[in-house]
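My entries follow in the order I made them.

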Amino acid sequence: MKEAINIDISGLYVEPTLVADDVIGVFPLYRELPARGTEKQPQKAVELIGYTIAIPVPEGLHLPKWDFTQEQWVEGKPADELLILQKASKLAELKRLCTEAIEGTFTSSALGEEHVYSFDTEAQLNFQSTKELMNMHPNFTQTSWKTRDAGVLMHTKEQFTRLWLDGQMHKTNLIEKFRRLETELEHATSVDAVNSIRW
């Protein structure tokens, strides 16, 4: 057995159903109406209420609808509603990708040569607390800090300040990128325009 779809007479999805594995195509669905005619000669009557579609629904359709002219599944949700859904989905995707990029790594030449540093939530908190300690205690003039490419390296106060600034710029630049894409998304007037927006 495999899954097929029952639709109403307009082609809209109603519910899933099961058919034999070798069944494929479009099959009408009827319901019986009260018998007509006389007691001696009753006449059965049926009413078309929909169809069973034994053709797989392609991925990506929010509201599958069977198009009887094209004989295929199409998007049944109105374009304006679909655009709202696509915008919400794209915005969530952009937020996720922005967060992942911020909490990934950044590069800094604070030590004279370029090194790679972590910037996850814990690293950001450590950056901030170390900077505050350096500002509060004049004798706190250097600190060791772990790089992703060269292990733990010593940083003077000036080097660490530059490193901290590089981390902040890393975050700021990515947030600005998100804001630009968010604005582009707000002004998108079609699903294709929404889908063309890439992080």
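**Hairpins**

I started at strand 5 and strand 6, which form a hairpin with four residues between them. In that turn, glutamate 71 has a positive phi of about 55°. Strands here are DSSP runs of E with at least two residues, helices are runs of H or I with at least four, and both are numbered from the N terminus. Two strands count as paired if DSSP finds at least two bridges between them.

Before going on I noted the conventions. The model is predicted, with local features needing pLDDT of at least 70 and side-chain atom pairs counting only at pLDDT 80 or more, while totals for chains, interfaces and linings use all residues. Residues are numbered from 1 along each chain as its sequence is written, and side-chain values use heavy atoms, with hydrogens and water left out.

Strand 5 runs antiparallel to strand 6 (residues 72-75), and four bridges join them. I found lysine 65 opposite valine 74 of strand 6.

I then looked up strand 9 (residues 142-147) and strand 10 (residues 151-156), which are antiparallel and joined by six bridges. They form a hairpin with three residues between them. Threonine 147 has glycine 151 in strand 10 as its bridge partner.

**Whole chain**

I listed four helices and ten strands for the protein chain. Their order from the N terminus is β-β-β-β-β-β-α-β-β-α-β-β-α-α.

The radius of gyration is 31 Å, whereas a compact globule of 199 residues would have one near 16 Å. The radius is taken over C-alpha atoms, and the globule rule is 2.2 Å times the number of residues to the power 0.38. Along the principal axes, the C-alpha atoms fill a box of roughly 110 × 35 × 30 Å.

I noted that 28% of the 199 residues count as buried. Buried means under 20% relative accessible area, exposed over 50%, and partly exposed in between, with a 1.4 Å probe and protein chains only.

**Loop and surface**

I placed glutamate 59 in the loop between strand 4 (42-54) and strand 5 (64-67). Why does glutamate 59 count as exposed? It does so because its relative accessibility is 82%. From its C-alpha atom to that of lysine 146, 87 residues apart along the chain, I read a computed separation of 45 Å.

Last, I checked tyrosine 30, which is in strand 3 (residues 25-37).
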